[in-house]
Amino acid sequence: MLELNTADSLDLQQLKGIGPGYARRIIAWREKLGGFYDKRQLLEVYGMDTLRFGWISSHVTADPQYIKRMNINVVALKELIRHPYFPFPLSKRIILHRHQKGPFRIVDELKEAGGLSDSLFRRMVPYLDL
């Protein structure tokens, strides 16, 4: 079993259908995200399809303890928009909401900033701290 957040390029290449190019893309996506909380996030890697994912999914795990989290109450706009799950318009609304209403007490208050779908909210929550 291979843990996605700690695997290096050579480890990833041991998986069926993963060559040097895919290994680099997986690691690059992992770095942009700040780690994988779910192995299904591999489907977000450029070029990953369900067939290739099917070959490797039973051989990988994603341990959320390795995720780099951001404190939503102090994170700067520049840092927030570097994360793929925080598009600029939403990030700007989050920062503005924080300035107008004060710190977030619970993560669900992010929904008050507006423009946040339930699916995007579920994807971004593992990367947030208060």
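Rings of Phe, Tyr and Trp (its six-membered ring) count as a pair if their centres lie within 6.5 Å; planes under 30 degrees apart are stacked, over 60 edge-to-face, and the rest tilted. By this rule, a search of the whole structure finds two aromatic pairs. The rings of tyrosine 37 and tyrosine 127 have centres 5.7 Å apart and planes at 65 degrees, so this pair is edge-to-face. Tyrosine 37 sits in the loop between α2 and α3, and tyrosine 127 in the loop between α6 (118-124) and β4 (128-129), so the pair ties together parts that are 90 residues apart in sequence. Tyrosine 85 and tyrosine 127 also form an edge-to-face pair, with 5.8 Å centre to centre and 70 degrees between the planes. Here tyrosine 85 comes from the loop between α4 and α5 and tyrosine 127 from the loop between α6 and β4, so the pair ties together parts 42 residues apart in sequence. Tyr37, Tyr85 and Tyr127 form one aromatic cluster.

**Basis of the model**

This is a predicted model: local features need pLDDT of at least 70, side-chain atom pairs count only at pLDDT 80 or more, and totals for chains, interfaces and linings use all residues. Residues are numbered from 1 along each chain as its sequence is written, and side-chain values use heavy atoms, with hydrogens and water left out.

**Overall build**

The protein has six helices and four strands. Helices (H or I, at least four residues) and strands (E, at least two) are DSSP runs, numbered from the N terminus. Their order from the N terminus is β-α-α-α-β-β-α-α-α-β. Along the principal axes, the C-alpha atoms fill a box of roughly 50 × 25 × 20 Å.

Of the 130 residues, 43% count as buried. Buried means under 20% relative accessible area, exposed over 50%, and partly exposed in between (1.4 Å probe, protein chains only). The accessible surface comes to about 7,400 Å², and carbon and sulfur atoms hold 53% of that. These areas come from the Shrake-Rupley method with a 1.4 Å probe; for residues, only the protein chains shown count as cover.

A contact means heavy atoms within 4.5 Å. Among contacts between residues at least 6 apart in sequence, 55% join residues at least 24 apart.

The protein carries 20 positive and 14 negative side chains, and the centres of the two sets lie 6 Å apart. Lys and Arg count as positive, Asp and Glu as negative; His and the chain ends are not counted. Each charge is placed at NZ of Lys, CZ of Arg, CG of Asp or CD of Glu.

**Around tyrosine 85**

Tyrosine 85 lies in the loop between α4 (77-82) and α5 (88-101). Both tyrosine 85 and tyrosine 127 are buried. Leaving aside neighbours within four places in sequence, tyrosine 85 is in contact with Leu33, Tyr37, Gln41, Glu44, Leu120, Arg123, Met124 and Tyr127. Its side chain also joins that of glutamate 44 in a polar contact of 2.6 Å. A polar contact is a pair of N or O atoms within 3.5 Å; within protein, one must be able to donate a hydrogen and the other to accept it, and residues adjacent in sequence count only if both atoms are side-chain atoms.

Aspartate 38 is in the loop between α2 (20-33) and α3 (50-56). Its side chain makes a polar contact of 2.6 Å with the side chain of arginine 40.

**Around isoleucine 72 and phenylalanine 104**

Isoleucine 72 lies in the loop between β3 (70-71) and α4. Beyond four places in sequence, isoleucine 72 touches residues including Phe104, Leu110 and Leu130. Its C-alpha is 8.6 Å from that of isoleucine 95, 23 residues away in sequence.

Phenylalanine 104 is in the loop between α5 and α6.

**Accessibility of selected residues**

Leucine 51, found in helix α3, is listed with the others.

| Residue | Relative accessibility | Class |
|---|---|---|
| Tyrosine 127 | 0% | buried |
| Tyrosine 85 | 2% | buried |
| Isoleucine 72 | 2% | buried |
| Phenylalanine 104 | 3% | buried |
| Aspartate 38 | 19% | buried |
| Tyrosine 37 | 21% | partly exposed |
| Leucine 51 | 55% | exposed |
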